[in-house]
Amino acid sequence: MEKTLKKWGRKTIKVVAIMAISLYVFITLTLVTCENRFVYHPYSFGQQVEHETLVHPCAEEVYFDAPVGVRLHGNLLLSGNYIDENTIPILFCHGNGGWIGVNTEWIFFEPQEIHAREGAQPAKYAMFLFDYRGYGRSDGTRADLSEENLYTDARSARAWLARRCACAEDEIVLMGHSLGGGVAVELAQDGAEKLVLYSTFDTVPRVARNFCPIYPFDFVMDNQFASIKKIPNVQCPLLQFHGTYDCTVPYRNGRRLFSVANEPKQWVELKRFGHQYGLGSVLLKELNDFLDRDFSESAR
């Protein structure tokens, strides 16, 4: 009887070990072959010309070039009718899903007609929303998507906005939601006026570990977006929002990122909010106060 139990125990351990190894191999092969499908969820218009490409009737449609001949698409929105030397330029980097048209909830002012002839007023804000390659009306397909290519596209968008607003690139406010927050942190290392993050993480592998804690995603995934290693290099003021009920990027991942950021910084906890929340009245007040604040005095 004892020998039988030992034999049965050894077989059980063997079966469990084989199952664990098989699961590990399966997850690894799935990540290697399908990682981009997990990380990126673009909506691309392709050759469909009938789609509306403006996020707002007052938006200015923009096409601009990234390196290697990639043509990208974006929309410029103004809170007034024209840009002057006091206009605050803002570059918004959207998350991994959809295109700029499903990210209108992050527009925090009522866009105005650009270059209106009568009663023209200068714009306080100039907000540029753009699509990475493979998204929306931009060139490319899902196969072209990678961490480095997103950074390249965002830098091209920042360069376009700087030219349009006649300002330096480090005078631009960077905003990012979710995966776009990782893009914004990358750019902020080069210098930025301010940085605003919505529902952003420390690294993509650490977010993945929330769903499978025992798997070493850090060593397998190509798309790292390791913002936690980069944000200590960011010297501009930071405003970070995160919902306590966020199931896509859990609250703790956002807090880890915030904990290693430099001062001045501000954390806004959104109780009972998830991953997509838009800008309600409370958030708008926090955002407007942050954008209006002169941090040069507090730094002295």
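**Exercise 1.** Is Glu186 buried or exposed?

*Solution.* Begin with the ground rules: this is a predicted model, where local features need pLDDT of at least 70, side-chain atom pairs count only at pLDDT 80 or more, and totals for chains, interfaces and linings use all residues. Residues are numbered from 1 along each chain as its sequence is written, and side-chain values use heavy atoms, with hydrogens and water left out.

Next, recall the cut-offs: buried means under 20% relative accessible area, exposed over 50%, and partly exposed in between (1.4 Å probe, protein chains only). Glu186 has a relative accessible area of 12%, so Glu186 is buried.

**Exercise 2.** Where does Glu186 lie, and which residues does Glu186 touch, not counting those up to four places away in sequence?

*Solution.* First find helix 3, residues 179-188, which holds Glu186. Helices are DSSP runs of H or I with at least four residues, numbered from the N terminus. Then look for contacts, meaning heavy atoms within 4.5 Å. Leaving out residues up to four places away in sequence, Glu186 touches Tyr151, Arg155 and Lys230.

**Exercise 3.** Which classes of residue make up the lining of the largest cavity?

*Solution.* Start with the classes: Ala, Val, Leu, Ile, Met, Phe, Trp, Tyr, Cys and Pro count as nonpolar, Asp, Glu, Lys and Arg as charged, and the others, Gly among them, as polar. The lining consists of Leu195, Ile231, Val234, Cys236, Leu238, Ala261 and Asn262. On a 1 Å grid over the protein atoms alone, a cavity is a set of points where a 1.4 Å probe fits but cannot get out, and lining residues have an atom within 4 Å of a point. Sorting the lining by class gives six nonpolar, one polar and no charged residues.

Terms used
Helix = DSSP H or I, 4+ residues; strand = E, 2+ residues; numbered from the N terminus. 1 Å grid on protein atoms, 1.4 Å probe; cavity = no way out; pocket = protein on both sides within 12 Å on 5 of 7 lines; lining within 4 Å.
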